[in-house]
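Subject: Structure for you to look at

Hello,

I am passing a structure on to you. Please open it and keep it in view while you read the notes below.

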Amino acid sequence: MMLEGWVIGSKLVLLGYVIWESYFHQNQTGAWAVLVYLIYICLVFAQLVLKDWRAICAIALGTAAYLTASFWLLQIPLLLLLLPLSLIELGESFKPRGLSLLLLIAEAWLVPARELPLYAATAAISWLGYLMIREGGEKLIRQNSRNEELSANLQRLTRALSENREYARQSEYTIKLEERNRLSQRIHDEIGHSMAGALIQMEASKRLLTVNPEKAAELLGNAIQISKEGLEQIRLTLKDTKPRSEELGINRLRLFVDELAAKHSLSASLTYEGNLDVITPLQWKVIQDNAKEAVTNTIKYAQADRVQLHVQVLHRLVKAQISDNGIGAIQIVKGLGITGMEERAASLGGTLIVDGSDGFRVITLLPLEGSREFTHGTRS
């Protein structure tokens, strides 16, 4: 469409130039000249209206023949300016595309020698302009096709993401239902039977209380023992269901590291060693808050591409270190971030160490009591 518009626009511009030169400089103002221009305008707009390529080719061929005949009959040299575009349009409708150049050369044999330079210049400019516009149009078509393909891929990925989110939501809901069903079944099978047995013993004791006090006391003792066992089963069930504090703490750090690697151009890793069970929930909160603050400073100022988080339980201390491979700092200036980390550590009797000599390191030391057994693990 862009190429067709350029061709028609070029024809009309050239026609305007031909009319201007004919009337004001060469005084070719005869009625036949006016008729030639009007017929040419009709042929131009006929090509715009027609959609069938065969009809368009026929019009282009007829226009070229019409201009050639008009030139020979009326001896108006400027009509040669209109001829190349019709020949190019005709030749480019067929394969191979180089046919238009052959038509231009063949037409040159019919042009008088004195008009040949004008024809050659017009043909060269028209042919080069046509090639440039055609190439630009083809690039635009390819780009539009590429954009449509990318749009289709984006829609497909969006649907896939939506389906994955829905699947994750349904999976989460299913897991919750399964866990609730498991707990309900366990309570029914273990605790429910114990409580029912205790209730039966107490009902029987109530009936025998006046008739046989000794038997009633025995049944009541059995009910008390069954109730104690039921309470112990409740405690064990809740203990098995509730995650341990170290699992909550280290898993939250894992989640933080995974989100950091996904959202920022950083390679983040988490390692740990020691008996994490001795770290209290309050200590885990201080470790996590200080880690977030330190990593935020790394993203803003360090120009680093790698961050390492390491949690180590020592004999009487828990050590949490956040380090990067950034530019570091010769002189540490304590802003609100470092001050806040120091205050959090101090609230639990700990301390904060900041080192900028090799990258940037923030070490949080929190006190523990008693000896520790060590285990080792890694996460990256």
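Here is what I found, starting with the whole chain and moving to single residues.

**The chain as a whole**

This is a predicted model. The mean pLDDT of the chain is 76. Of its residues, 77% reach 70 or more. Take care with residues 371-380, where pLDDT stays under 50. The model has 29 contacts beyond four places in sequence for that stretch. Where pLDDT is low, the predicted coordinates should not be read in detail.

The chain holds 10 helices and 6 strands. It has 380 residues, and 33% of them are buried. Take the contacts between residues at least 6 apart in sequence: 68% of these join residues at least 24 apart. The accessible surface is about 23,800 Å². Carbon and sulfur atoms account for 61% of that surface.

**The cores**

The largest nonpolar core has 31 residues. Leu253 and Leu309 have the most contacts inside it. The largest share comes from α9, with 6 residues. There is also a second, separate core of 17 residues. Val36, Tyr37, Ala64 and Leu79 are among its members.

Now look at Leu309. Leaving aside neighbours within four places in sequence, Leu309 is in contact with Leu253, Phe256, Val257, Ser269, Leu270, Thr271, Ala291, Gln321 and Ile322.

Helix α9 has 22 residues. At 1.5 Å a residue, α9 should span 32 Å, and its end C-alpha atoms are 30 Å apart, which agrees. Its buried residues include Trp284, Val286, Ile287, Ala291 and Val295.

Gln283 also belongs to α9. Is Gln283 buried or exposed? Its relative accessibility is 6%, so Gln283 counts as buried. Beyond its neighbours within four places in sequence, Gln283 is in contact with Val278, Leu348, Leu366, Pro367 and Leu368.

Gln303 follows α9. Gln303 lies in the loop between α9 and β2. Its phi is near 55 degrees, a positive value in a residue other than glycine. Gln303 counts as exposed, because its relative accessibility is 67% and the cut-off for exposed is over 50%.

**Helix α10**

Helix α10 covers residues 336-347, which is 12 residues. At 1.5 Å a residue, α10 should span 16 Å. Its end C-alpha atoms are 16 Å apart, which agrees.

Which residues of α10 are buried? They are Gly337, Ile338, Gly340, Met341 and Ala345. These cover an arc of only 160 degrees around the axis, so they sit on the same side of α10. An α-helix has 3.6 residues a turn, so residues three or four places apart point the same way.

The cover over the buried residues of α10 includes α9 (281-302), β4 (351-355) and β5 (360-367). The face turned away from the buried side of α10 carries the exposed residues Leu336, Glu343 and Ser347. Just after α10 comes Gly349, with a positive phi of about 80 degrees.

**Where to begin**

Best wishes

Terms used
Residues are numbered from 1 along each chain as its sequence is written. This is a predicted model: local features need pLDDT of at least 70, side-chain atom pairs count only at pLDDT 80 or more; totals for chains, interfaces and linings use all residues. Side-chain values use heavy atoms; hydrogens and water are left out. Helices (H or I, at least four residues) and strands (E, at least two) are DSSP runs, numbered from the N terminus. Buried means under 20% relative accessible area, exposed over 50%, partly exposed in between (1.4 Å probe, protein chains only). Contact means heavy atoms within 4.5 Å. Accessible areas come from the Shrake-Rupley method with a 1.4 Å probe; for residues, only the protein chains shown count as cover. The expected span of a helix is 1.5 Å times one less than its number of residues. The arc is that of the directions from the helix axis to the C-beta atoms. pLDDT is the predictor's confidence in each residue, from 0 to 100. A nonpolar core is a set of buried Ala, Val, Leu, Ile, Met, Phe, Trp, Tyr and Cys residues joined through side-chain atoms within 4.5 Å.
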